[in-house]
Amino acid sequence: MCGIVGYVGNKSAAGILLDALEKLEYRGYDSAGIALTDKDGISVYKTRGRIKKLREIMENRDQSKIDGFTVGIGHTRWATHGEPSDSNSHPHLSKSGKVAVVHNGIIENYLELRAFLIDHGHTFCTETDSEVVSELIDYYYNGDPVSAVRRAEVQLKGSYAIGILFSDYPWQIMALRKDGPLIVGIGDGENFIASDIPAILKHTRDIFRLGERELAILTKEGVTVMDKYGERIEHEVEHIQWDVDAAEKGGYPHFMIKEIMEQPDVITKTITPRVEDGRIMLGLRHITDQDLSMIENIKIVACGSAYHVGVVAKYFMKKTLRIPIEAELASEFRYDDPIIDEHTLVIIISQSGETLDTLYGLREARIRGARTISIVNVVASSIANESEDVLYTWAGPEIAVATTKAYSTQLILMHMLNWHIAGVKGLMSQEEIAAAINELERIPEQLRGILESVENVQYLSSLYFNSQSVFFIGRNIDYALSLEASLKLKEISYIHSEAYAAGELKHGSISLVEDGTLVIAICTYRPLLDKMISNIKEVKARGAKVIAVINHDDSETERVADHVIRIPECGVNAVPSLTIVPLQLLAYYMASHKGCDIDKPRNLAKSVTVE
Ligand code: F6R
């Protein structure tokens, strides 16, 4: 939700900031802006629309003036308070012209602060919550920027990652964060802030993450960081190993298809470092095998696709561990007085590691004494830092808003965690674990086969991309996969779609099935195949067109369905990982036929750092 950047150095800041914002557009893209500063004050350029439009606007202004600025901050917005408009765009410049702010997050008490500031003579010209930040800092400013920011911060409730300019200090930028991502990049005679690494990777690989309520002051000479008590602290600098190419499209038309194609490799990267001679080595640092053997119930807490991984995992973990296991939406979990204690393992799943609902779910679990392990893609993100133990998915940067490779690697780690717990509880022998691992290790090769022959899926997408409404049905684990397949389709193609447990359709929703309605029936769960065939017949009898997803020779399903998507024969543990991929592709090609903005679907953002 919103991307922020900042630059201080010797080079012209505008181009650097615009390039960096383009790399953050996945976080929000309904408006954009930049504030630049020098000894003459702060200049703001902002507009509704994408970075491209901002770039055009800036190119038509006094270029030599713009090129002269070497310090600035920038923002790409995902609107929460106030519609996308020029005035609601960031940066917000205080009415005195002294303070400019870019903000990612939500100031929950902004109405109260607004009223307070109006009482003290301040005026407002936007509908945003963020404008109170620039005005409040301005209100407290009496020549000392640190004191002004700290006094303002005490009054802010909510979440924030903020970049700040003071016109009296045109040689520096300041940054502050609470419950939102913010990294600091260390360059040679230049320094940066950004919401995410790809934004600045072209300029530096040396970064650190600002901690909770830490305040950073950046000049071209260096970076000073203070904790919430005002004490100076040092951060260890992390050298980013992955290449800038990993954050580029590499010849593909969209990040989404590139990331779908990367799945075999990233699955291998996620499995390999954790297996030694058929044994699972998770490398947990705080939760011991003894602790895991005492676990009596498990909650999997996440949002969106990560939650869908939890639903798939619930089915296979329940089968293996025979203890109560639930997948919970993080936004519900936190407010539902969860029944958890020290015998509960809460598994938190998050690609970004910054999803606010999920982060708050994690905190709730910790307060209530549960053991917590997170499965996270972004190293050292808030969720990774705050959980007792973390298992990283080695998926690399995921840029497309619709997740694919993160989902797949999360699924792999859920299997490994399941078998590890089963091992320590004495429910699986070492030989059984080794055999199960062997199934996982074969997934990348089988996936390559699927990814090399996409013609059938492309053909089906060309037949059905004009559908008004699509139903995904399945039973047991196939139902869990339907949830994700349906989300993928709707989020990028804007085709209305629903996922149903196949047996549930006839309890109401079948009334929506009419001549030509597309039903995608996932039929990999063999124990209930007969029931699925009956469900397919039910919708066919109402005029539906059916694509069946099958993983075995099954003439009966092929006979009743209009089309099939065939998954290679594989071990039962590999089925979910192989089944989801053609359905990701189907969503991708349908959206592509419709000409949708696949990597940046409307109204969405990659990292949801607001509640
Ligand atoms: C859908 C998608 C979202 C995320 C959800 C959680 O394609 O990407 O549903 O899965 O917003 O995000 P993370 O995993 O970053 O916590």
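Biologist: How far does an oxygen atom of the ligand lie from a polar backbone atom of Gln351?

Modeller: A polar contact is a pair of N or O atoms within 3.5 Å, and here the separation between the ligand oxygen and the backbone atom of Gln351 is 2.6 Å. In Thr355, a side-chain N or O atom is 2.5 Å from an oxygen atom of the ligand, and a polar side-chain atom of Glu491 is likewise 2.5 Å from a ligand oxygen. The protein covers 90% of the 410 Å² of accessible area (Shrake-Rupley method, 1.4 Å probe) that the ligand has on its own.

This is a predicted model, in which local features need pLDDT of at least 70 and side-chain atom pairs count only at pLDDT 80 or more, whereas totals for chains, interfaces and linings use all residues. Residues are numbered from 1 along each chain as its sequence is written, and side-chain values use heavy atoms, with hydrogens and water left out.

Biologist: Which domains supply the shell around the ligand?

Modeller: Domain bounds come from an automatic or database assignment, and in this model domain 2 (249–447) and domain 3 (455–594) each contribute at least three residues to the shell. Helix H10 (304–321) and helix H17 (477–493), both DSSP runs of H or I with at least four residues, each provide at least two shell residues.

Biologist: Where is the peptide bond cis, and which residue other than glycine has a positive phi?

Modeller: Most residues other than glycine have a negative phi, and most peptide bonds are trans. In this model the bond from His90 to Pro91 is cis, with omega near 0°, while Asp337 has a positive phi near 45°.

Definitions and conventions. A polar contact is a pair of N or O atoms within 3.5 Å; within protein, one must be able to donate a hydrogen and the other to accept it, and residues adjacent in sequence count only if both atoms are side-chain atoms.
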